[in-house]
Amino acid sequence: MGDIPQTYTVDDALVSLGFGKFQVLVLLYSGVAYAAEAMEVMILSFIGSAVQSQWNLSPHEKSLISSVVFAGMLVGAYSWGVVSDNYGRRLGFLFTALVTSGVGFLSTFAPNYISLLVLRFFVGVGLGGGPVLFSWFLEFVPAPNRGAWMVVFSFFWSIGTILEASIAWAVMPTLGWRWLLALSSLPSFLLLVFYSFTPESPRYLCLKGRTSDAKHVLEVMARLNQKILPLGELTSDCKLEANEFLKNNNVCEGSHVEQVKKSGVSFVALLMPKIKCIGSLYKLLSRKLMRTTLLLWMCFFGNAFTYYGVVLLTSGLSDGNSKCRPEKLQKHSSGGNHLYKDVFITSLAELPGLILSGLIVDRIGRKLSVAFMQFATFGFLIPLIFHQKELTTTALLFCARICITGSITTVSIYAPEIYPTSVRSTGYGTANSVGKVGGIISPLVAVGLVDGCHQAAAVLLFEGVLFLTGLAVILFPVETKGTKLRDSVESPI
């Protein structure tokens, strides 16, 4: 026994070191980034009407202010995921912080409608880096309580939405939308201030063959958590994948030529890593990951479409929609004066949504949790097919937002868990990109149809999307509750 060297993996180290001071610092840093992203997205609920009034925009032009942000997020989510998986998590979220904070502040000075659209598009590109920070934090959390801590991480999104609603309530009536844009860009600057203190993911470092650097990070973690690392040498369960043969020389032993011959890889598979963006997508749509990838795309599209729909319905039904209400209901509506109050109240629904997710995600599993909350959202939106009193509408949207928030939170835990380290940020980022397509379309539906007095059509469309999304969740291939994270596609789950 004495001459057999002892080894341990990153997962073994994380379980041994537990969740301590080190992870709390990582949580705070990534959480601020997540809150900053939420604030920039929630702006869309407030500035549309103000900009429309100032520049005499049509309803279509107003909805484009929201859609271009999601278009930018679509581009950014995939791009920053590829950067993160190929060059490191830290580099990925450095660029996202630079773009979001810089362009977000510049959009405050937009002189006209077109320049505002262009600047908000690039803000969206920066916001697309959110999945990188999610994956980064996930890779520091021990497997046994990973679900619960990822829910805690998601609380920062809710903090961001509530903070944004509070700032808008205080700032918009007096100082206007430009001040709201300026104040909302400040949290992203905090990421740049503390960037030099952030560690690289030890799991990513192991995957790239940099085990000494990974061990150094784990040693720092051990000191801060006041724990001891396992005995032996740090190793990885990485198995060199076919399309990485020409990219890495030091991850796994053996001749490239011999391994290529044994595996029978195609020329296309060997060419893909030369074009990193295409190579990453090629992996996600490989035989072993295709079902997972396509179902996740459906789920993220449906969740984003519905979430932003509920957010924008709240403002749409509170702001200027009294002309569409039956006369007997108009007297119960306070119109645009209660826009900030209604959005603030429904934003508070994020907190019970996260609590609900935290209570069930590690008990009944990820799949069942998402499916349950999808169909619950479906149920709460049904009465909104018909015009309701303001109090009833707000209550139904509050409950719907509880459930859709819990659904998004849980599927955002599931997605990075199901993918291996080699494509984790890209896989999660791509799924988010597809979700942003839902975010692009949702304002056109929620704002366009509601402003056009077609509330029933808008709600029925959301119901159809929710039903199909729930079916996709039921078809997810595996449950990830309590499982270890994989490093490569070949690793068992």
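A cavity is a set of points, on a 1 Å grid over the protein atoms alone, where a 1.4 Å probe fits but cannot get out. Its volume is the space filled by probe spheres set on the points, which are joined across faces, edges and corners. This is a predicted model, in which local features need pLDDT of at least 70, side-chain atom pairs count only at pLDDT 80 or more, and totals for chains, interfaces and linings use all residues. Residues are numbered from 1 along each chain as its sequence is written, and side-chain values use heavy atoms, with hydrogens and water left out.

**Cavities**
- Seven cavities of 30 Å³ or more are found in the structure.
- The largest cavity holds about 310 Å³ of space.
- Its lining has 24 residues (those with an atom within 4 Å of a point), and the closest to its centre are Tyr 34, Trp 157, Ile 408, Ser 412 and Asn 432.
- Domain 1 (7-234) and domain 2 (286-325 + 332-492) both contribute lining residues, so the largest cavity lies between them; the domain bounds come from an automatic or database domain assignment.

**Helix packing**
- Helices are DSSP runs of H or I with at least four residues, numbered from the N terminus.
- Helix α20 (residues 366-381) packs against helix α23 (residues 455-474) at about 165°, with axes 9 Å apart.
- Axes are lines fitted to C-alpha atoms over the stretch in contact, and angles run from 0 to 180 degrees between N-to-C directions.
- α20 is therefore roughly antiparallel to α23 (angles over 145 degrees count as such).

Key: On a 1 Å grid over the protein atoms alone, a cavity is a set of points where a 1.4 Å probe fits but cannot get out, and a pocket is an open set with protein on both sides within 12 Å along at least five of seven lines; lining residues have an atom within 4 Å of a point. Helices (H or I, at least four residues) and strands (E, at least two) are DSSP runs, numbered from the N terminus. Angles under 35 degrees count as roughly parallel, over 145 as roughly antiparallel, 65 to 115 as roughly perpendicular and the rest as oblique.
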